[in-house]
Amino acid sequence: MHDKHPNSSWKAKLHKIIYEADTPNGRLFDVILLIAIIASIIFVMLESIKSFDARYHNFLNIAEWIITIIFTIEYILRIISVKKPFKYIFSFYGIVDFLSTIPKYISLIFLGTQVFIALRALRLLRVFRILKLARYLGASNMLANSLKASRAKILVFLFAVFIVSIIFGTLMYLVEGEASGFTSIPVSVYWCIVTLTTVGFGDITPVTPLGQFIASFIMILGYGIIAVPTGIVSAEYVYQNKGRLSGTPTSPAVDLNTESCPNCSAERHKDNAKYCYNCGHSLSDYS
């Protein structure tokens, strides 16, 4: 029986390190990747500063190669440690990992000044590495579930804000007119939305007393509008957190861990689960 799957032991250990964060080695693996991801994002930002890039170009280039090699090794290990590699390759995170790795290699293929502009655009694909962070933020699951559970209330709220923006935008167009910069209803609605979010639209300001009164009311209303979706999500978050602490099934995030199925790569299984909820494969069988 042991000769049938000679590689199952090392694959099991590799899978546990890469796809699970509940073990010391798994946590160390995730920490190393987190540092590499954050460093790569910082390097991309610094590289966009011409004066900094001119001075430290060689350092940024070497650092990017080191990070690219780390991500390449990670990508290969993720493929060989699962039973169905194509499942991972064409998954969301598989595509993100691939896009995060290839830009540096593409720069080796296309040489010459005539494609320099295109290469600069391709190098921006490295920013996709920020999406890799989501894999390691376990607490984000509860926030994502809170947003999902609140989506109906938030959509109704956004629809109400949209209606208010159209009403007040049209009103400001009638009160102020083109002389004050409110050249059309769409422009006025845009001004209203920007004002509601308390950002302010500096190019257009009301000059009539009535227009200034309406604008003041919209600004005050904006503070209340910001508080509403925050309260909706916060209430749902507290509700789900109570369920997690008490052990009652108030949300899908209760008692979930980072364990990944070696067969279908499904994640977020319940604690002490022996079989995958998606395909029924044994979570301990890596053959």
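Predicted model: local features only at pLDDT ≥ 70, side-chain atom pairs only at ≥ 80, totals over all residues.
1. Local features need pLDDT of at least 70 and side-chain atom pairs count only at pLDDT 80 or more, while totals for chains, interfaces and linings use all residues. Residues are numbered from 1 along each chain as its sequence is written, and side-chain values use heavy atoms, with hydrogens and water left out.

2. Ile109 is exposed because its relative accessibility is 63%, whereas Asp97, at 1%, is buried (buried is under 20% relative accessible area, exposed over 50%, partly exposed in between; 1.4 Å probe, protein chains only).

3. The side chain of Asp97 makes a polar contact with that of Tyr88, at 2.5 Å (N or O atoms within 3.5 Å, where one must be able to donate a hydrogen and the other to accept it; residues adjacent in sequence count only if both atoms are side-chain atoms).

4. There are 8 aromatic pairs (ring centres of Phe, Tyr and Trp, the last by its six-membered ring, within 6.5 Å; planes under 30 degrees apart are stacked, over 60 edge-to-face, the rest tilted). Among them, Phe52 and Tyr56 are tilted, with 4.7 Å centre to centre and 40° between the planes. Both lie in helix α3, 4 residues apart.

5. Tyr75 and Tyr88 also form a tilted pair, at 5.9 Å and 50°. Tyr75 lies in α3 and Tyr88 in α4 (residues 85-89), so the pair ties together parts 13 residues apart in sequence. Both tyrosines, Tyr75 and Tyr88, are buried.

Terms used: Helix = DSSP H or I, 4+ residues; strand = E, 2+ residues; numbered from the N terminus.
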